[in-house]
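Subject: Structure handover and what turned up in it

Hi,

Here is the structure I promised to pass on. Please have a look at it first, and then read on for my notes.

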Amino acid sequence: MSGRLARLFVRGLPLVWLVLFFLVPFAVTLKISFSSPATAQPPYLPVIDWQGGLEGWREFLEALDFQNYRMIAEDALYRDAALSSLGYAGLATAILALIGTPTAYAMARASARWQPILVALVIVPFWTSFLIRVYAWIAILKPEGLLNGALMKLGLIASPLPILDSPYGVLIGLTYAYLPFMVLPLYAVMSRLDPTLLEAAADLGAGRRRAFFTLTLPLALPGLAAGALLCFIPMVGEFIIPDLLGGSDTLMLGRVLWSEFFSNRDWPLASAVAVLLLILIVGPVVLFREAELRREEAAEGRGR
Amino acid sequence: MHAPLPPAAPLLTLERITKRFGPHTAVDGVSLDLAAGEVFCLLGPSGCGKSTLLRLVAGFEAPDAGAIRLDGADLTALPPHRRPVNMMFQSYALFPHMSVAANVGYGLKGLGLSRKQAAERIAGLMKLVRLEGFETRRPEKLSGGQRQRVALARALAREPKLLLLDEPLGALDRTLREETQGELRAIQRRLGTGFVVVTHDPEEAMALADRIGVMERGRLVQVGPARDLYERPASRFVAGLLGDVNLIEGRLGPDAPGGIRTVETALGAIRASGEGAAGAAVVVAVRPERLVVGGAEGLPGTLRGTLVEQTFLGDRIRARITMADGSVLRASAALPMAGPMPAVGAPVTVAIPADAARVLPA
Amino acid sequence: MSAFARTALTLALAFLYAPILVLVIYSFNDSKLVTVWGGFSTRWYAVLFADGPLIAAALVSLKVALLSAAIAGVLGTLAALALDRHGRFRGRGAYTGLLYAPMVMPEVITGLSLLLLFVGIGLDRGVSTIVIAHATFATGFVAVVVGARLKGLDRSLEEAAADLGASSMRVFFGITLPLIAPSVAAGFLLAFTLSLDDLVIASFVSGPGATTLPMRLYSQVRLGVNPEINAASTLMIATVGLVVLMASWLTARRGQGG
């Protein structure tokens, strides 16, 4: 096989697959969001008449049904769910940044013998079933569960705390489930930190705390940003955690989408919610890219 | 072994410092005194313990035995950030996310300087290392030589009495290295700071140091000015470390007044200076540039051999001569030469002046 | 390590493992209640192994995981090779984005959109659709694992082979592939566990007769805490633990001749 053909194959096969099974579905979803349940069957009317020219496009656009988006805009439920999703994701990500930084730092400072073991210890839960781990929290958090049982036995509370089926349950669940996603990228960056830099800082009079805040933390910022993104984006659309650990008052977009689809059998509305979710996610990603580009430019510009 | 004390009270005293890493002893009972304002080079092959010794003084390792004193104060228990000693790292260890000025000024925090004083000191240092105008640059945008100068400026910012330099010129190419050696000495003389330089390059040690300490396998085997070590090495190891040397094995003759003894070798009797018990197995060390090579007709007492190889090295010619017993002597003659150079394959005579030959333990 | 760091680390690890330990311990609890210890018993494992639908679901999951991990393994390796070897090709940024986006995309979105596609093209939903879906989001993960290994690879080995007359095909299959094989295997294992674990996407794209283990577990879990699920969980944890050990052993190995 010639070199060029081989290259095309290597690069092209994954590309074709991903375009077909990742991008195209988005286009379909977008299209469906503009229809009603009646028309949401194949061939997914209205269909563009490619031969129709401009007339064809006008007909197509007129046939688009905006009712789903109107419903989303008007019904407070969707707005609340969107805000609540962003809120939970933001708060949980912030908590994870606070917890994850010392953890990753401690891992990076561990002896060379221990580090791979620690990494494996953090990875094992990540590979263990998400569903199972969230389910375990039910047993711990429910009124007749372990936590309340222990607290009552210790005499710290009189009646069980309603942690399960509440926002606290969701927060605990999110923080727990996504901890490896924050710790691992942070650790990756921190462990790559040149130890002689820290020695130089100590040599120049910096105690441990100053060295951490002036050296380790600024240099770990890319890892922190990556971890934050890896957590925030999936969290916004999270379904399992609010479903199992949250109550009827914990509204998140993932759940809304699921119930629109499975309970109400309203595929177009679910698609519209999906589009909404996508828009919410794109924002932080764009911001992240902007910040990255600006950082690169700064390093370039200063050098001139 | 203990180095002879300079007249004034020493700046740095190392007393029987020992450091072990598991079964391996990296530094074995090293004792040393350093005078204020002295440039001292620790010279030795990799693994000899010189970098470990430096790190012990800096505080990055703790000795298993022994004490470290600076101006009389015991440093041994102090962590690195509290020692009045600063280090210039082999890799420079510049902080990548800070500008040159921020790097240089990093150590000034906590010294109680006002903003103006700190800024003045940074400016002074930039001028000292000739990097004015580079204040806002990032380390990644600097050349190797420029980074080295930032590292030096940064290490001098706190005006330490003692500066430790770990292979400071190792990463530079040859011409830059020679230039920088001169600059380094000039800066040191201006500031009067004591320097301890670790290097594996004998030429560098000889160019920089007031005194050189040769380390072998964790021990300090000889200390002294470069000339002493070069002309009167204490062992074959030291002799070979500082430059090329011919080593001729033999047996030491009886003691004689004036210190010049006779050594019986396979090449004949050679007169050399040095100590030792009569009859002891010894080695005669002669530097290639001290061998006198002549044509076939020679004075009595000269050795005979055949010139087998000649190499032109710009400022000198290096020659290999096979002797009667099959051993090879290396000679080096500066150019231009006084007389004609014998041709390859020609018989030659080799004379060894008595004051050029040194008796070393076998 | 300072005391603060050590405390932080211990707390974090305790937090991570507490629920897992709870599951494992209570899977051996004779009593049905979580707060009461009824004595050590393995009866829930017996119930588990007698649970027909659950076993069937487990088998479906294993089949799907093997197939999707195999596909993801190939696609991910190819993508990693392209990114590592093809330099700054046009559209590289978009390519990278496309490769890694499925990893972070909320599963409800990927699941729904894939289902709509399958319905649109008339593909019957079942094992095949789940396999396609899982392969799609796992590819990025494999690419990350293999890409990391490729980056650390000593190119001079391949250059030496080429210098000695090997064609690029020979170099790839004879030198490169054996060297990255452990990472490809590790990526495969990662894709495997990700597939085994997926609930949301499978729920959207599966069809009749293709119930995966998480789907089955989820329907049970909605009804409340169930010791049989504890037993199933413990087994899954043990399996994953083994897989992780295998994967880390594989990534630690530098491959033949490396």
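Let me start with a pair that does not meet: chain B and chain C share no contact (heavy atoms within 4.5 Å), and their closest C-alpha atoms are 14 Å apart. Two pairs of chains do touch, and the pair with the most contacts is A and C.

Before the details, some ground rules. This is a predicted model, in which local features need pLDDT of at least 70 and side-chain atom pairs count only at pLDDT 80 or more, while totals for chains, interfaces and linings use all residues. Residues are numbered from 1 along each chain as its sequence is written, chains are lettered from A and ligands numbered from 1 in the order in which they are written, and side-chain values use heavy atoms, with hydrogens and water left out.

**Chains A and C**

At this interface, 78 residues of chain A are in contact with 77 residues of chain C. The two chains bury about 7,100 Å² between them, with 83% of that given by carbon and sulfur atoms; buried area here is the accessible area (1.4 Å probe) that two parts lose on being put together, summed over both. On the chain A side, A:Trp17, A:Trp127 and A:Tyr135 lose the most area to chain C, together 12% of what that side buries.

How many salt bridges cross between chain A and chain C? The rule (a side-chain nitrogen of Lys or Arg within 4 Å of a carboxyl oxygen of Asp or Glu) finds 1. A:Asp243 pairs with C:Arg222, and their closest N and O atoms are 3.2 Å apart. A:Asp243 sits in helix H11 (residues 240–245) of chain A, and C:Arg222 in the loop between helix H10 (213–221) and helix H11 (227–252) of chain C. Over all chains, the search finds 27 salt bridges.

There are also 10 residue pairs in polar contact between chains A and C, both residues being at pLDDT 80 or more. A polar contact is a pair of N or O atoms within 3.5 Å; within protein, one must be able to donate a hydrogen and the other to accept it, and residues adjacent in sequence count only if both atoms are side-chain atoms. Helix H1 (residues 3–33) of chain A gives the most to the side of chain A that touches chain C, with 20 residues. Helices (H or I, at least four residues) and strands (E, at least two) are DSSP runs, numbered from the N terminus. By class, that side of chain A has 61 nonpolar, 9 polar and 8 charged residues; Ala, Val, Leu, Ile, Met, Phe, Trp, Tyr, Cys and Pro count as nonpolar, Asp, Glu, Lys and Arg as charged, and the others, Gly among them, as polar.

**Chains B and A**

Here 25 residues of chain B are in contact with 22 residues of chain A. The buried area is about 2,100 Å², of which 58% is on carbon and sulfur atoms. B:His81, B:His97 and B:Tyr106 supply 27% of the area that chain B buries against chain A, more than any other three residues.

This interface also has 1 salt bridge, in which the side chains of A:Glu199 and B:Arg55 meet at 2.8 Å, N to O. The side of chain B that touches chain A has 11 nonpolar, 6 polar and 8 charged residues.

**Spaces inside**

On a 1 Å grid over the protein atoms alone, a cavity is a set of points where a 1.4 Å probe fits but cannot get out, and a pocket is an open set with protein on both sides within 12 Å along at least five of seven lines; lining residues have an atom within 4 Å of a point. Grid points are joined across faces, edges and corners, and a volume is the space filled by probe spheres set on the points.

The whole structure has 7 cavities of 30 Å³ or more. The largest cavity holds about 500 Å³ and is lined by 30 residues, with A:Phe130, A:Tyr178, A:Phe181, C:Glu107 and C:Leu194 nearest its centre. Its lining divides into 21 nonpolar, 4 polar and 5 charged residues.

The second largest pocket has about 810 Å³ of space. Among its 25 lining residues, A:Ala6, A:Val10, C:Leu81, C:Ser168 and C:Phe172 are the closest to its centre. H8 of chain C gives the largest share of that lining, 8 residues.

**Backbone details in chain B**

The peptide bond from B:Leu335 to B:Pro336 is cis, with omega near -5°, and B:Pro336 is in the loop between strand E18 (328–334) and strand E19 (347–351). B:Asp71 has phi near 50°, a positive value in a residue other than glycine.

Best wishes
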